[in-house]
Structures are given as C-alpha cells and as structure tokens.
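Hi everyone, thanks for coming. Let me put the structure up on the screen, and then I'll walk you through it.

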Amino acid sequence: MERTAVRRRLSWQVATVVDVRRETATARTIVLDVPDWPGHLAGQHVDVRLTAPDGYRASRSYSIASAWTSTTIELTVESVPDGEVSPYLVDVLKPGDPLELRGPVGGWFVWKPEQEGPVQLIGGGSGVVPLRAMLQAHTSSTTPVRLLYSVRRPTSVIYVDDLKELAAADDVHISLVYTREAPAGETRVGRIDADVIDRLTFTPADEPTTYVCGPTPFVETVADLLVAAGHDPARIRTERFGPTGG
Amino acid sequence: MGIVSPGFTGRRRSAEELPPGQYLTHDFPVLSAGPTPQVRTEHWEFTVTTESGEKHKWDWASLLAMPSEEITKDIHCVTRWSKLQTEWQGVSLDALLADVETSADFALVSSYGGYTTNLPLDDLLDGQAWIAYEYDGEPIDPEHGGPARLLVPHLYFWKSAKWVRGLVLSDSEDLGFWETAGYHEYGDPWKEQRYAGD
C-alpha cells in the first residue's frame, strides 16, 4: 500500500469564518480563512474543536471539501440529528466567528494529481464531500475521472451548481442515483446495485483507483459490489461515516 | 490557547468515565481503509515470526482448541466514539506467545487485506491483548474483523487489527498503516495520542 509519511505535530489554530453557504436543508459549507495553513491533499480531514464559555470542549473530524489553492479551506457539514457539534456548525456559526481546527489529517483516502490511472469516485449522501475536493484538485490533471453519487432525492444533492460546472469545465462524467425520489424524467429509483456499477463506473480492465465514501452500510455494499465485479481490493479506498457522531 | 465558540454551550452527555475528547455510543461503528476481506476459517492461519525468523503457526482448529477467555472491556476509537463494556471471547496473546522465544521489543501486526499496525510487545502481554473470535456471544461479523481480530482495548481501536493473520516481532519499531498516515505510533486514548506528535 502507498505510504505518505507526514509526521509533524498538529497544533490547534484559530480560523475565521469568511462565508457560509447553504447546500441542502441539513448541510452547509463553511469557508474558513486559516492563517498558517500548510496546504492539504484532496481527501484529507481536519479536527474541529468547539469551546463553551465554561471551558467545556467538544471535537469532531470533518472532511475538507475543497482542493488547496489559497488561504481558505471549505468544510461541508451535514447536521446529525441529536448531534453536539454539527448542529452548531450548520445552524449557529456565522461569518466573522473564530473556529479552532487542526490538520490536515489522513494519508490514505487522498488523491494526488500526479497519481496515474483513471479515478472512480463513489459517494453516498454527505460522503461526496471529500470527493468534491478530489474533483477540484483534478482540474489540473488529464486522467479520466467519474463520479457516481447516491442521494435520497433531488433536494439532497450537495454542490448542485458546482458539480454542473465541474462536469462542464473538466469533462468529468457525473452520474446521480436516487434512492427515494427521482427528478422528473429519471425513472430509476433505488440503491446502487451491480447493474449501476456495470453501467456507470470504470470497468476492472480500466484499472481505476476507486474512492468510496458514505455511511457504513453504503460503503460496505458498494465495496463488495466492486470486488464482485472484479476490481482489485487493493485499489479500492474507503472512508466510512459511522451511524453516530455529530 | 483559549477561544470561546460564540453561541456554543455543548452537552455534557454523561458522567461516565471516558478518555478525553471521546463520546459515548451504543452502536458499533466501522472504520476500515478498504473493502471487507472475506476470510474463510478453513483457510485461516495465524503466524508469529520472531526476530530470528522462527515461525509459529496456528490454524482455526488449533486456535479454538486453546484456552479461551471472556473479555469485557471499554473500547475507544480515534474517530471519537467509545463503547463501554463490550463482550468478547478469545485467546490471550500470553497463551499464544507462551512458547515463543523472543527478546524483541516491538510487534508489527498484519491482517488479511493488507492492513498493518505496530505496537510494543509489552502491550500485547500480561492480560492486555487477545485474538478474539466472538463478539457479544456470536462469531465476529466480517465488517467488524471476523473471523478473528486482535483486541488491545487499552489503546485506540485501530490497534485492534481486524482480520488478523500474524505478528512479526522485531527489535526496531516499523510503523503500521495508520501510523504511517499521520496517526500516533502508540495511541493511548487516556493521553489523547491521536496523531503523530500528540
């Protein structure tokens, strides 16, 4: 397996919220100015730490939603019902507020523009977040890339405009699968199955590196389908969101 | 450094004793880097290789034939969930290593599927580590590491390698999969050793 040796102390930094963008009824993108950000690879995450007036703290990890280009980074957070940190990030935090974070973290679920071979991205729900960072990073590369994105219904799509723009500008093949309710003109409603994998993703002969991110049952199902279809397990990288969190 | 997050009050969820930065879950989340390997017990093998290259092997039947223990322990994942009083059945590493001649200081654990993790040999001994094959009274599900996983509950749970297939004992410390990817080489949850340098 590929190794990325980054061993330096990660210290907490104070970022400033410069903008927030509503993505769906339950998800929001937060644009942060991080003064001493060392840069990051698409797919890495950060730890975010909140502090209450009495000193009580709570931390969670969030995928970075953007490729590294300048001094800002974007996080897209889905509010977890009954969560402790995510409802604050989605509904309370506002431009101008400070936000403590440290990172970037993670050297496995990453894509680098110098990597060779086609890139297959498969996301379920907010699992699309690190894949969006990879799509942004890909604009400087010519390797073929496809995104298969499973959502409940049209209103659940995060990055609607962004994905359209990326698809147009970067020749990215983007397919959406609707599990509960499809838009007009789209007849299929259902989870990703062997037929969807067969029709909408690179074949094993293409030797893609595949990145699968989403809730655990989604990732388990998709990874098993890929292996059954003949993809080399060593080229399937997964990131699972647990059923609890927040 | 001290900043206050405007408008954040937080929820002090429980009085239970959790390591710093952890929250309690009653589910059993999954964290893996790739697809779940399907390992059949008839092909399963566990190998300990010493620093002199000597190999000790167990197949599934010989593992099950060893004295097993019921283990009830709290587990702590670096992704911040903790689960209390989890119940396992398995064979202690003390029993497995009883006849292994070694003066090595470190172990590199390897798994079916290619995963690795490193820890000091001392952390595998003295009733601190097991090869577990049952969880909650049932065979361990493949997604949770079945048929057998390492269980080292005093360290972050990534050290408890799923689909375990062997240990290589060594005088020097080779880093494992997550440890090479920026995570802490030891991973004590009570010292909150999440990432390298913590």
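**A walk through the model**

Asp82(A) is not a glycine, yet its phi is positive, at about 70°. Most residues other than glycine have a negative phi. Is Asp82(A) buried or exposed? With 10 other C-beta atoms within 10 Å, Asp82(A) is exposed.

Chain B has a positive phi to show you as well: Trp163(B), again not a glycine, comes in at about 50°. You'll find Trp163(B) in the loop between S10 and strand S11 (164–170) of chain B. Trp163(B) counts as buried because it has 25 C-beta neighbours inside 10 Å, and the cut-off for buried is 20 or more.

Now for the peptide bonds. Most of them are trans. In chain A, though, the bond from Gly103(A) to Pro104(A) is cis, with omega near 0°, and Pro104(A) lies in strand S6. In chain B, the bond from Gly146(B) to Pro147(B) is cis too, with omega near 10°. Pro147(B) belongs to the loop between strand S9 (138–139) and strand S10 (149–151) of chain B.

Let's stay with S6 of chain A for a moment. Strand S6 (residues 98–105) pairs antiparallel with strand S1 (residues 13–22) over 4 bridges, and there Thr16(A) faces Pro98(A). S1(A) also runs antiparallel to strand S2 (residues 27–33), joined by 6 bridges. One example is Val20(A), whose bridge partner in S2(A) is Ile30(A). S1(A) and S2(A) make a hairpin, with 4 residues between them.

Stepping back, chain A is assigned two stretches: domain 1 (13–105) and domain 2 (119–241). Their C-alpha centres are 24 Å apart. Where they touch, 13 residues of domain 1 meet 12 residues of domain 2; the domain 1 side has 6 nonpolar, 5 polar and 2 charged residues. An unreviewed UniProt entry lists residues 10–111 of chain A as "domain: FAD-binding FR-type". That span is 6% helix and 45% strand.

How many residues of chain B are in contact with chain A? There are 35, against 45 residues of chain A. The chain B side divides into 15 nonpolar, 15 polar and 5 charged.

Finally, confidence. Chain A averages a pLDDT of 91, and 95% of its residues score at least 70. Residues 1–5 of chain A, however, stay under 50. Where pLDDT is low, the predicted coordinates should not be read in detail.

Terms used
Residues numbered from 1 in each chain as written. Chains lettered and ligands numbered in written order. Predicted model: local features only at pLDDT ≥ 70, side-chain atom pairs only at ≥ 80, totals over all residues. Domains from an automatic or database assignment. Contact = placed C-beta atoms within 7 Å. Nonpolar A, V, L, I, M, F, W, Y, C, P; charged D, E, K, R; others polar. UniProt positions renumbered as here; feature names shortened; annotations may be inferred. Helix = DSSP H or I, 4+ residues; strand = E, 2+ residues; numbered from the N terminus. pLDDT = per-residue confidence, 0-100. Pairing = 2+ DSSP bridges. Buried ≥ 20, exposed ≤ 12 C-beta atoms within 10 Å, placed from the backbone.
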